[in-house]
Amino acid sequence: MRRADKKDEPAVYQRVVLKNASPYHYLKVCLVVEDDSTRLSAVELKQFIITGLNSLYGEVGAALTFDLLKYDEDTLTALLRVYSRGLVKLWSSLTLLGSYQNQACAFRVLQVSPYLLALTGNSRELQLD
Amino acid sequence: MSADLERTPRNLLVSERSSFLDPKNRISSQLVQLHFNYKVCVLLPECSSAPSHLDSALNTFSSFYLIRNLPLYELLDTHFLETVRHGGVSGLSYRTRLDEDNCVALMPNGRLSLSLDKDSFELLGVEGKPSRFNHRAKSRFVVCVDLTDSSMAPGGRGHQRLVTGLTSRLPLKTDFLMSLPAGGGASVQALLSRYDWSEHRPEVISCSLTDLLCPSPLTSDPSSLTSDPSSPLTSDPHRLLEWLGAVHAAVSCENSSSSFLSSLVCPEPNKKLSHALSVSVCGLLSHQDVQKLIQEIRVYLSVSPPGPASWASVTLHGFVDSPVSWGGEHGVLRGGDNFLSLTMFPDQSYLLHLAGGAQDTCPP
């Protein structure tokens, strides 16, 4: 999965191309709940996502490690980090999470990237009005 | 089945180390090939406020225009074509999504690129080719024309055909972001006067950081990053990019490995920097302004007293929905990432990381 071509010139020039080498993927997600006044703490949100993994992939799925890097309680928006091989499992269980404490809810996946840095500059957020 | 679940779309990261003093360095051409810059983020360690020359470079990014509901045939107007031929005019459709909508980009070299869905492409009736990222399904097509070419001169065959297509068969309208070369405002006044437009200055946000955890080579001997390829941050650029991302996204790195919420930590060994400055500029940014900023940071690094943490990082994000990036076609499969990260050191050496997503050519 890796290709590297190195040139050792007298100067320090080196170029390396990494393909699919990113260990993690990062997601920016937002939880939308039927009742706007519902608030979750960071721990509750992570537990809720683990419940989703458990119901779709069972105990083995619920053991998937992921990190809640940042969470804004007012907008219910979170940054998640997951090992690249767990991305599809996490994403699919987020998609299928449909109710929180008997209220309809949905996760909106706003951005997915193999780089955390990319999540800090999303041009779709440009507001000029 | 479980193996399929573990696969993710392709991503490419080019990692380069070189020096501004190396006559063969390609940094200028690599910067230009990002085509449309949305945001530039600067991180200066051990700095509480930017020196005046750097501050002025950050605050004097040229303004850009937003024209609402611009019919695309206006881009082929005689006066506008004259302005395009002088070079430096760039534009991009605004609030159009490359994976759903028709998108337009006008590059500073006068090339116009249209990324169209199948129906629109067939209505337009101009030569194009299927997008290389779904050439089997043929559901998206790319039309690329050189507005500086003689056939695109007003009255020329190519010009007439495109104008007819855009006026009678496919009257496309879009909100359009446009940046002009310095002093170019007067030449498009006639165009602007016909539509609802506004001028915008890039937004500058400055943030002072204190007690920032920083990976060790960057706090003690930053230049070793370019001279020693075995340094962990050089050999695994993802660690450096993750840390930079955490700094710019204001994500805490002070977690323990047993923490329930997050186990993100700053790469070891690390040290605390007493303060750092993070500045971001956001809008449709011109290459000239970005190059000027990088030049000013080089000057800043060369004149600032040598310290254990003298380096600077610049991250340049491209527009996600630009139909072109890295010198080729660009698509949004999942994220549409296209950005570069440049870490500069006082001895004029630098580390450059260029990232492309699943629908990108390999960065230059």
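Two strands are taken to pair if DSSP finds at least two bridges between them, and strands (E, at least two residues) and helices (H or I, at least four residues) are DSSP runs numbered from the N terminus. The model is predicted, so that local features need pLDDT of at least 70 and side-chain atom pairs count only at pLDDT 80 or more, whereas totals for chains, interfaces and linings use all residues. Residues are numbered from 1 along each chain as its sequence is written, chains are lettered from A and ligands numbered from 1 in the order in which they are written, and side-chain values use heavy atoms, with hydrogens and water left out.

Strand E2 (residues 14–19) of chain A pairs with E1(B) in the antiparallel sense over six bridges. Within this pairing, A:Arg15 stands opposite B:Glu16 of E1(B). Contact (heavy atoms within 4.5 Å) joins 65 residues of chain B to 53 residues of chain A. The buried area, defined as the accessible area (1.4 Å probe) that two parts lose on being put together, summed over both, is about 5,100 Å² between the two chains, and carbon and sulfur atoms give 57% of it. B:Leu5, B:Phe260 and B:Leu261 supply 13% of the area that chain B buries against chain A, more than any other three residues.

Four salt bridges (a side-chain nitrogen of Lys or Arg within 4 Å of a carboxyl oxygen of Asp or Glu) are found across the interface of chain B and chain A. The side chains of B:Asp99 and A:Arg124 meet in a salt bridge, with an N to O distance of 3.1 Å. The elements that each supply at least two residues of the side of chain B that touches chain A include strand E1 (12–19), helix H11 (237–248) and strand E17 (349–356) of chain B. The largest share, eight residues, comes from H11(B).

Chain B is divided into domain 1 (7–61 + 203–356) and domain 2 (64–200), with bounds from an automatic or database domain assignment. The domain centres, taken over C-alpha atoms, are separated by 32 Å. Domain 1 of chain B contributes 14 residues to the contact and domain 2 of chain B contributes 22. About 1,500 Å² is buried between these domains, 73% of it on carbon and sulfur atoms, and the count of salt bridges between them is zero.

Eight strands of chain B form an open antiparallel sheet in the order E7-E8-E6-E5-E4-E9-E3-E10. Its edge strands are E7 (129–130) and E10 (197–200) of chain B, each pairing on one side only. E7(B) pairs with strand E8 (residues 140–146) of chain B over two bridges in the antiparallel sense, and B:Lys129 stands opposite B:Val142 in E8(B).
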